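Please read the following points beside the sequence and the model.

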Amino acid sequence: MNDLALTNARIVLDDGIVHGTLIARNGIIRLVEEGSTQAPGAIDCEGDYVVPGLVELHTDNLEKHLMPRAGVLWPSIPAVLTHDAQVVAAGITTVFDALSVGDLEEDSVRVETLKSTYDAILEGQATGALRADHWIHLRCELAYPRLIEALEPLVNHHSVRLMSLMDHTPGQRQFRDLAQYRKYYSKSHISWTEDEFADVVQRRAEQQAAYSSKHESIVLSMAQGRDIILASHDDTDAQQVDHARRIGVTISEFPTTQEAADAAHARGLTTVMGAPNVVRGGSHSGNVAALDLARTDRLDMLSSDYVPASLLHGAFMLHTLAGWSMPRAMATVSRNPARALGFEDRGSLKAGLRADVVRMRDVGGLPIVRNVWVNGQRSF
């Protein structure tokens, strides 16, 4: 494995920025110090930022490559490789591919492609075809009737390190506003009449009553004894956060209100919000704005969700718009998610850690990824 030497760089550390040099050997950072180096092959970064490789804990970007057009399924392995190239180009060096186990929509691409996608990710890992370090996040749709049947073949692999407990039943959590639910799904159900929509809402509520509580208990028992971290999803109020804490959840994904974010903070949960929410200036579902949570110190991590390039951009906007220091802003996409996911070997630029490194240039307030190294290997 080749050595890596970067110099004339603004290196973002945990507690500050140094204008200096980073040297890695055999995939491990050996030295970070002020000043330049004359080491052979050293790369002059021309004053660019050097930041830790980004850690993404919830991306469903892969879905758009599995179905690039409505009704068109793409082979899973090429889809995974394209997704991998896209996340690395966005500066993401560790990625948790969020695979939805179940969906409340009939004939969902998520259900149809789940097992083949899971297998394609594992094959990409085994063959060394993937550039980023891929892990698996299983999104458990609790009201899905066949959840446990779908989950059982997936949960035992060591790459499964995160499971989230989801419930997209209309009328609560992300879709408290039924008009927002109807608008969101109008892309595929534009012919819903008032009666048809009322029937959909009723059937979803009946599914929730029949399955959600029972499935939650089974999922918790499946996670027990495994190295799996639990996340809640779209918490709306303090009662839901209290419940999440009681059942062993440590990450609050995308709280929809200030109340829920306040409760998560008070109860010691780590809060993640969508980077697209930051970049767009608000939630696409009408929920609380991530920048509002940042300004009230209720934001710990960002996720790119459905736009990989939003992760670095969103973190940079925490620096430029919310007034956070660069180290604090970059921690939301590197050190904080690494720690929340149980990684002690990455997330910061310091001697002894993995050489997951991103060279980034500020171009008119927009962070541009110039180069990426994963475990010391040039990947972009």
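1. The radius of gyration is taken here over C-alpha atoms, and the rule for a globule is 2.2 Å times the number of residues to the power 0.38. For 380 residues, a compact globule would have a radius of gyration near 21 Å, and the protein agrees because its value is 21 Å. Along its principal axes, the C-alpha trace spans about 70 × 45 × 40 Å.

2. On the source: this is a predicted model, in which local features need pLDDT of at least 70 and side-chain atom pairs count only at pLDDT 80 or more, whereas totals for chains, interfaces and linings use all residues. Residues are numbered from 1 along each chain as its sequence is written, and side-chain values use heavy atoms, with hydrogens and water left out.

3. The protein has 13 helices and 16 strands. Helices (H or I, at least four residues) and strands (E, at least two) are DSSP runs, numbered from the N terminus. Of the contacts with a separation of 6 or more, 65% are between residues 24 or more positions apart; a contact means heavy atoms within 4.5 Å.

4. Of the 380 residues, 56% are buried. A residue is called buried under 20% relative accessible area, exposed over 50%, and partly exposed in between (1.4 Å probe, protein chains only). The accessible surface comes to about 15500 Å², and 49% of this surface belongs to carbon and sulfur atoms. Such areas come from the Shrake-Rupley method with a 1.4 Å probe; for residues, only the protein chains shown count as cover.

5. Which strands pair with strand 1, and in which sense? Two strands pair if DSSP finds at least two bridges between them. Strand 1 (residues 4-12) pairs with strand 2 (residues 17-25) in the antiparallel sense over 7 bridges, and a hairpin of 4 residues joins the two. Strand 1 runs parallel to strand 4 (residues 43-44), with 2 bridges, and also pairs in the parallel sense with strand 5 (residues 49-52) over 2 bridges.

6. Individual residues show this arrangement. Ile11 stands opposite Val18 in strand 2 and has Val50 as its bridge partner in strand 5. Thr7 has Asp44 as its bridge partner in strand 4. Strand 1 is mostly covered, with 7 of its 9 residues buried.

7. Helix 11 (residues 310-320) is largely enclosed by the rest of the structure, because 8 of its 11 residues are buried. Among the buried residues of helix 11 are Leu311, Leu312, Phe316 and Met317.

8. Leaving aside neighbours within four places in sequence, His83 is in contact with Thr59, Asn61, Leu62, His65, Val95, Asp97 and His134.

9. Two serines may be set side by side. Ser334 is found in the loop between helix 12 (326-331) and helix 13 (335-340), and Ser334 counts as buried because its relative accessible area is 2%. Not counting residues up to four places away in sequence, Ser334 touches Pro52, Gly53, Val55 and Gly347. Ser221, in helix 6 (residues 194-223), is partly exposed, with a relative accessible area of 43%. Ser221 and Val101 are 120 residues apart in sequence and 17 Å apart in space, C-alpha to C-alpha.
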